[in-house]
Amino acid sequence: MSIDRLIDQSHVVVCCGTGGVGKTTTSAVLALAAARRGRNAVVVTIDPAKRLADTLGLEELGDTAREIARDRWDPSGIAPPAGRLSALMLDTRATFDGLVHKHAESPEQAERILANRFYRNIAGALSGTQEYMAMEKLHELHDEGGFDIIVVDTPPTRHALDFLDAPARLTRLLDNRIFRLLMVPSRRSLRLASLAVQTFLRTVAKVIGSEVIDDIVAFFRAFEGMEQGFRERAVNVLELLAAPTTAFVLVTSPRRDAVGEAEFFAERLRESELSVDALIVNRVHPDFGVQSTPFELRARAREIGRREIAVGETEASARLALRYENLADYVSLAQHERDELARAGDRIGAGVVTFVPSLAHDVFDIAALDAVGRHLVG
Ligand SMILES: Nc1ncnc2c1ncn2[C@@H]1O[C@H](COP(=O)(O)OP(=O)(O)OP(=O)(O)O)[C@@H](O)[C@H]1O
Ligand SMILES: [Mg+2]
């Protein structure tokens, strides 16, 4: 397996990893490469800094997929005609509102939910909502987007795996007893329990204010009838994530803590019977443009030193010898880093381990995406 094959064959590619390692950059690079290889690609990014929009040359990225003009991503006009590139930025709030509109039983129900104060407060802020909405968006694009490949960037969560739990967490909330009781407050058999719940709510109301409680109750009631849909989509998303055409690309930096997180993440995936298809180690030391081994470089340094003594050459060769020593140190550091990371790749069980060196500058345009891409894709 190679990254090339991965983007040729996958329908969904999830780029995950801990904060700041290069998930957003990698997602864009992979979608761009897929488009260049003739696939209709979309990248779903979670990038409130809007850096990706700038990189792709868009004024802004919205909640729905926008196609990027071909001359931008394929200036030399060599990509196959079928290749297309679209991008969207996840807007948790807009996605949630869209879901309510789409799945409410009536426009009135949708309005009731959207106007609810509790909803307005939680829609963007509830922990896990962002991860959950990323999964909902994936579901939507998969269902009706018509894309060959969907590359999903994941949010910069403290725990790289929160998004995996998000659908289950929502299902758990929907299965929560109090929630269920609030949904069917009038059923006779539940009246007793309902009373208990009401007592509970009255106690809570003393602390957080009864208005808040009224909002919450109204919110849950307004949701009545919709929870089944949420549950079903949560199941579908988990199935989609487990499908053989879904690939997980784990991005890490060479830093020990990031690698540790990556290993932990892979372990969690394994528990969910998923696996890491590729490990991308971003921002490693470059190979310094030399083919020689550190041993050869040191031998060269010694040779220059000997020549200096033999023919009494100037200080310049002493400095040159030092440079060779220095280069030998760097090359050996870079090699050591890669060996170490390759072993981490084995432990993670990644089918492919690829290295991307630190560029001299930030990734801020298509050319820079290409510079990263050259290390990933043939
Ligand atoms: N190989 C590289 N060389 C130089 N700069 C890089 C490289 N890869 C990424 N960057 C830069 O590092 C920063 C973080 O990258 P990116 O936003 O892709 O990470 P992220 O994992 O999505 O972060 P977050 O977890 O905050 O969403 C960006 O400024 C990006 O331009
Ligand atoms: Mg990001």
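Student: What takes a positive phi just after α8?
Tutor: Gly 146 does, with a phi of about 75°. Helices here are DSSP runs (H or I, at least four residues) and strands are too (E, at least two), numbered from the N terminus. This is a predicted model, in which local features need pLDDT of at least 70, side-chain atom pairs count only at pLDDT 80 or more, and totals for chains, interfaces and linings use all residues. Residues are numbered from 1 along each chain as its sequence is written, while chains are lettered from A and ligands numbered from 1 in the order in which they are written.

Student: How do you know that the span of helix α8 agrees with what it should be?
Tutor: The expected span is 1.5 Å times one less than the number of residues. For the 16 residues of α8 (residues 129-144) that gives 22 Å, and the end C-alpha atoms are 22 Å apart, so the two agree.

Student: What makes a set of residues a nonpolar core?
Tutor: They are buried Ala, Val, Leu, Ile, Met, Phe, Trp, Tyr and Cys residues joined through C-beta atoms within 7 Å. The largest such core has 83 residues, and Val 13, Ala 31 and Leu 250 have the most contacts inside it. Helix α2 (residues 23-36) gives the largest share, 8 residues.

Definitions and conventions: A residue is buried if 20 or more other C-beta atoms lie within 10 Å of its own, exposed if 12 or fewer, and partly exposed in between; C-beta atoms are placed from the backbone.
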